[in-house]
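I opened the model to look up packing, charged pairs and rings. My entries follow in the order in which I made them.

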Amino acid sequence: SIKYKNKTNKNIKITLSGEVNYPGTYYAKKTDRLSDIIKRAGGFTEQAFPKGAVYTRESAKEQQINGLNLIMEENQKRNIFDQRTQTIFNENSANFFTLNQNYLQSKKEQITGRIIIHLSADKSFKGSIHDIQINDNDTLHVPKKPMIVSVLGGIKQQSSFIYKKNKSPLYYIKQAGGYTPYAIKNKILVY
């Protein structure tokens, strides 16, 4: 009789979409890293915006949902405790709790399992901490280079502007009329 090891190799799939030369679903080995799959997909197109890439993973989604479930449970416990300590539990408190739980529930439905990675087209990405190992059913979407820049928050005129290469966020803030007197300067969104 012949002895052999049964090396059932579970197929690991990753789906690449957007601005890669050959988008689609790729099979990976356990040792494959993101840079290996991007290379197999022919790299990025000339219109690719790697800094805007969205990488998702099922296990990250599960962790994010579990974390939000813990927050919701803590809110429920806090509400029960508050009811016992308050002599009068008014209707406004109950409404606030319900609104809070509904808000958290809506956030849970929006969870995608996104993992923030700093993807780049240059050679520094390969082997970096962001060149992560592939898990089954991971996805990577690489958008096109943005042609507009939007500025939101504590600025005088929330607007979108034509993208100009090598311009800083402050340039676009100035184009939008500058900060309002009540602006929280670290809460301005430029994207």
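I began with the surroundings of Leu 140. Leaving aside neighbours within four places in sequence, I find Leu 140 in contact (heavy atoms within 4.5 Å) with Thr 15, Leu 16, Ser 17, Leu 34, Ile 38, Ala 53, Val 54, Tyr 55, Ile 117 and Leu 119.

A note on the source: this is a predicted model, in which local features need pLDDT of at least 70 and side-chain atom pairs count only at pLDDT 80 or more, while totals for chains, interfaces and linings use all residues. I number residues from 1 along each chain as its sequence is written, and side-chain values use heavy atoms, with hydrogens and water left out.

Next I looked up the cores. A nonpolar core here is a set of buried Ala, Val, Leu, Ile, Met, Phe, Trp, Tyr and Cys residues joined through side-chain atoms within 4.5 Å; buried means under 20% relative accessible area, exposed over 50% and partly exposed in between, with a 1.4 Å probe and protein chains only. The largest nonpolar core has 21 residues, of which Leu 34, Leu 119 and Leu 140 touch the most other members. Strand E1 (12–18), strand E2 (24–28), H1 and E5 each give two or more residues to this core. Helices (H or I, at least four residues) and strands (E, at least two) are DSSP runs numbered from the N terminus. I also noted a second, separate core of eight residues, with Val 151, Ile 155, Tyr 172 and Ala 176 among them.

I then checked how E1 and E2 are paired (at least two DSSP bridges between two strands). The two strands run antiparallel and are joined by five bridges. A hairpin of five residues connects E1 to E2. For Leu 16, the bridge partner in E2 is Gly 24.

How many salt bridges does the structure hold? I count three, taking a side-chain nitrogen of Lys or Arg within 4 Å of a carboxyl oxygen of Asp or Glu.

- Asp 32 and Arg 40 meet through their side chains at 3.7 Å, N to O. Asp 32 is buried at 9% relative accessible area, whereas Arg 40 is partly exposed at 43%.
- Asp 36 bridges to Lys 126, with the closest N and O atoms 3.4 Å apart. Asp 36 sits in helix H1 (residues 34–40) and Lys 126 in the loop between strand E4 (114–115) and strand E5 (138–142), so the pair ties together parts 90 residues apart in sequence. Lys 126 is exposed, at 56%.
- Arg 57 bridges to Asp 138, with the closest N and O atoms 2.8 Å apart. Arg 57 is in the loop between E3 and helix H2 (58–85) and Asp 138 is in strand E5, 81 residues away. Both residues are buried.

Thr 56, in strand E3 (residues 54–56), came next. I list Thr 56 as buried because its relative accessibility is 15%. Its side chain makes a polar contact with that of Thr 139 at 2.2 Å. A polar contact is a pair of N or O atoms within 3.5 Å; within protein, one must be able to donate a hydrogen and the other to accept it, and residues adjacent in sequence count only if both atoms are side-chain atoms. Beyond four places in sequence, Thr 56 is in contact with residues including Arg 114 and Asp 138.

Last, the rings. I find two aromatic pairs; rings of Phe, Tyr and Trp (its six-membered ring) pair if their centres lie within 6.5 Å, with planes under 30 degrees apart counted as stacked, over 60 as edge-to-face and the rest as tilted. Phe 161 and Tyr 172 have ring centres 6.5 Å apart and planes at 35 degrees, so this pair is tilted. Tyr 171 and Tyr 172 have centres 5.0 Å apart and planes at 85 degrees, so that pair is edge-to-face.
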